[in-house]
Amino acid sequence: MTPIELTRDAHGRLQLTTADGGVHAVVPVRAFPIAAPDEGIALVGGDGHELAWIERLANLPDATRRLVEEELASREFIPEIRRLRQVSTFALPSTWEVETDRGDTRFVLKGEEDIRRLGATTLLIGDSHGVQYLVRDLTRLDKTSRRLLDRFM
């Protein structure tokens with residue numbers, strides 16, 4: 001396997017140098033962003049084609065891994081809900097006030113179909129503007145948060 005050679009250009013874009021010496025602007029894309037965020041990452045060129053595949057971030061040299069992680073962090077925005085403070089009504093649409101790992105916020109839940117179960121304890125909740133919120137582990141939420149969520153599931 002050819003080692004992945006990544007750098008940043010003068011504009012801060014991530015660039016991949018391939019075995020033939022070609023230099024391509026790339027964007028990392030996770031195959032399984034919730035279930036396995038550190039595994040299966042494609043480096044995709046401007047034309048949408050995959051130019052390289054990373055099995056595991058941990059297998060990359062530290063400098064290369066940091067470049068990929070920085071790029072992923074700048075592109076991904078999925079706040080993780082840590083606590084439900086209040087919901088305006090149990091009828092839909094309703095306004096939710098939540099505490100996330102990015103701070104407190106409120107959003108409008110349009111319908112129950114906007115709450116997707118991704119596993120036994122993981123949920124993805126989409127608001128009326130398309131922002132996705134993650135509940136990584138239902139069992140780790142406080143009792144009040146779980147009780148509020150149960151009313152919508």
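**Entry 1: a serine in a helix.** I am working with a predicted model. I began at Ser-145, which sits in helix α2, residues 143-150. Is Ser-145 buried or exposed? Its relative accessible area is 0%, so I noted Ser-145 as buried, the cut-off being under 20%. Next I looked for a polar partner and found the side chain of Asp-142, at 2.7 Å from the side chain of Ser-145. Leaving out residues up to four places away in sequence, Ser-145 touches Arg-83 and Leu-84. I then checked how the helix is placed: α2 lies across β6 and β7 and runs at about 65 degrees to β6.

**Entry 2: the sheet.** That took me to the strands. I found an open sheet of three strands, ordered β6-β7-β8, with antiparallel pairing. Which strands are at the edges? They are β6 and β8, each of which pairs on one side only. From one strand to the next, the twist averages 30 degrees. I also looked up the pairing of β7 with β8, which is antiparallel and runs over seven bridges. A reminder to myself: strands of a sheet pair through backbone hydrogen bonds, either parallel or antiparallel.

Entry 3: Ser-94 belongs to strand β7, residues 94-100. I noted Ser-94 as buried, with a relative accessible area of 1%. Which side chain makes a polar contact with that of Ser-94? It is the side chain of Trp-96, at 2.9 Å. Not counting residues up to four places away in sequence, the residues that Ser-94 touches include Phe-107, Val-108, Leu-109 and Phe-152. Ser-88 and Thr-89 are also among them.

**Entry 4: charges across the sheet.** Glu-97 stands opposite Arg-106, which is in β8. Their side chains meet in a salt bridge, 2.9 Å from N to O. Arg-106 is exposed at 54% relative accessibility, while Glu-97 is partly exposed at 26%.

Then I turned to Arg-85, which forms a salt bridge with Asp-104; their closest N and O atoms are 3.4 Å apart. Arg-85 lies in strand β6 (residues 81-87) and Asp-104 in strand β8 (residues 103-109), so this pair ties together parts that are 19 residues apart in sequence. I noted Arg-85 as partly exposed, at 36% relative accessibility, and Asp-104 as exposed, with a relative accessible area of 55%. What else is linked with these two? Arg-83 and Glu-99 join Arg-85 and Asp-104 in a network of salt bridges.

**Entry 5: one more pair, and the count.** Asp-38 and Arg-30 also meet through their side chains in a salt bridge, at 3.9 Å from N to O. Asp-38 is partly exposed, with a relative accessible area of 45%, whereas Arg-30 is buried at 18%. How many salt bridges are there by this rule? I have 13 in my notes.

**Entry 6: the record.** Last, I checked UniProt, where an unreviewed entry places the feature "domain: DUF1854" at residues 25-152. Over residues 25-152, I noted 17% helix and 41% strand. The end C-alpha atoms of that stretch are 43 Å apart.

Definitions and conventions: Residues numbered from 1 in each chain as written. Predicted model: local features only at pLDDT ≥ 70, side-chain atom pairs only at ≥ 80, totals over all residues. Heavy atoms only, no water. Salt bridge = Lys/Arg side-chain N within 4 Å of Asp/Glu carboxyl O. Buried < 20%, exposed > 50% of the residue type's maximum accessible area, 1.4 Å probe, protein only. Helix = DSSP H or I, 4+ residues; strand = E, 2+ residues; numbered from the N terminus. Polar contact = N/O pair within 3.5 Å; in protein donor to acceptor, adjacent residues only side chain to side chain. Contact = heavy atoms within 4.5 Å. UniProt positions renumbered as here; feature names shortened; annotations may be inferred. Pairing = 2+ DSSP bridges. Axes fitted to C-alpha atoms, helices over the stretch in contact; angles between N-to-C directions.
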